[in-house]
Amino acid sequence: WEFNGSFYQPSFFLMMGIPGLEALHPWISIPFCALYLTALLGNCVILFIIRKTQSLHEPMYYFLSMLAVTDLGLALCTLPTTLGLFWFNVRRIGFDACLTQMYFIHILSFIESSVLLAMAFDRFIAISHPLRHPSILTKTTVLKIGLAIVLRGMVSLLPIPFLLKRLTYCGKTELSHSFCFHPDIMNLACADIKVNVFYGMIILLSTVGMDFIFIVLSYILIIRTVVSLTTKEECLKALNTCVSHICAVLVFFIPMVGLSMIHRFGKNVPPLVNTLVAYTYLIIPPALNPVIYSIKSTHIREALLRALRWKRG
């Protein structure tokens, strides 16, 4: 412990695996390894295909590249501590290292939310104004959107580590997960955390909350446009371009909202449920997104098959 008058700060935190199943951690690590491997290889393949295929140099696939980079970042943020705990029972993480991991996990989560919103906007423009789509979403515009997304995440979350460092911690150092999460660290403090709670909720609602609302509004407008199409085939073709994105939105937002609610209001929720929701939130989307887009996107699938045939040849 670091001591300075009445101010206490732990030098490290203790991470937690899956409660009640500690003896099975080496076996449990097998599906986790499979998910991490899928996330790393899948997103790298998506990035490689988009870069090498000239026909995929369009706004939709630029945003998909941003999503893949974000998913890679999320997987790499939690992989060392999660597998380190499961394989070698390494539970300690330094206080500053924990805050750093927490900061990047939250930044990448906010970036993913914003990228999903940008993809919804892209689908709305492509379906509602197909002729104006290339002139509205130029390469420069996409780049500016990407920079704005990153800056919004970095700036809005910058105060969080400092708000945690000012708190006094006493006694408990055990986290609920094998990674660092803002509400989890905050709840270990024995000081007044009202500022942390208020700021966290405001930032969550004004970023991820607003992103989700605008995504829903985009799809309401998309459905209105699709309904006005003359033939059933045109309707199905237009909606089919949105299926992958809708799956990615659901896979990301449902566990994220669930985890936030559990940490803030679910004091009586069993620890195992809390743990499973947390892992679902941080590991499943990076692993599933490349699979979803590879299966549902005809252009990605065809480019992947061409690349495989070229390798064999």
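Modeller: By class, the lining of the second largest pocket splits into 9 nonpolar, 8 polar and 4 charged residues (Ala, Val, Leu, Ile, Met, Phe, Trp, Tyr, Cys and Pro count as nonpolar, Asp, Glu, Lys and Arg as charged, and the others, Gly among them, as polar). Mind that this is a predicted model, where local features need pLDDT of at least 70, side-chain atom pairs count only at pLDDT 80 or more, and totals for chains, interfaces and linings use all residues. Residues are numbered from 1 along each chain as its sequence is written, and side-chain values use heavy atoms, with hydrogens and water left out.

The pocket holds about 570 Å³ of space (a volume is the space filled by probe spheres set on grid points, which are joined across faces, edges and corners). Of its 21 lining residues, M60, Y61, R123, T241 and H299 sit closest to the centre. On a 1 Å grid over the protein atoms alone, a pocket is an open set of points with protein on both sides within 12 Å along at least five of seven lines, a cavity is a set where a 1.4 Å probe fits but cannot get out, and lining residues have an atom within 4 Å of a point.

As for helices (DSSP runs of H or I, at least four residues, numbered from the N terminus), α2 (59-88), α3, α9 (232-240), α11 and α12 (298-312) each supply at least two lining residues.

M60, R123 and T241 turn up again in the lining of the second largest cavity, alongside M119, D122, H245 and Y293. That cavity has a volume of about 40 Å³, and α3 gives the largest share of its lining, 3 residues.
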